[in-house]
Amino acid sequence: MSTSFHVTEKKERHEGLGTWIISELVSNYHGRLEYAYNDLTLSIKIKFPIVVSSKQAT
């Protein structure tokens, strides 16, 4: 999902860059990306680690 580009089913010709951009952002911030495609529905779950600065932790 994160390395190939596919033409979407929209009326105009459109490259599906949205999911690739999301994947890159999640990767850059050490998050997790889970997706499932069932019954013509794409479900995406994004998880990011909680980062607490050292001042807040004390």
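**Contacts along the chain**

I began with contacts, meaning heavy atoms within 4.5 Å. Among those between residues at least 6 apart in sequence, 8% join residues at least 24 apart.

I noted that this is a predicted model, where local features need pLDDT of at least 70, side-chain atom pairs count only at pLDDT 80 or more, and totals for chains, interfaces and linings use all residues. Residues are numbered from 1 along each chain as its sequence is written, and side-chain values use heavy atoms, with hydrogens and water left out.

**Elements**

I took helices (H or I, at least four residues) and strands (E, at least two) as DSSP runs, numbered from the N terminus.

**The hairpin**

I found strand 1 and strand 2 paired (DSSP needs at least two bridges), in the antiparallel sense over seven bridges. Asparagine 38 has threonine 41 of strand 2 as its bridge partner. Two residues lie between the strands of this hairpin, and aspartate 39 takes a positive phi near 50°.

**Cover**

I used buried for under 20% relative accessible area, exposed for over 50%, and partly exposed for in between (1.4 Å probe, protein chains only). Of the 58 residues, 5% count as buried. Where did I find leucine 17? Leucine 17 sits in the segment before helix 1, and its relative accessible area is 38%, so leucine 17 is partly exposed.
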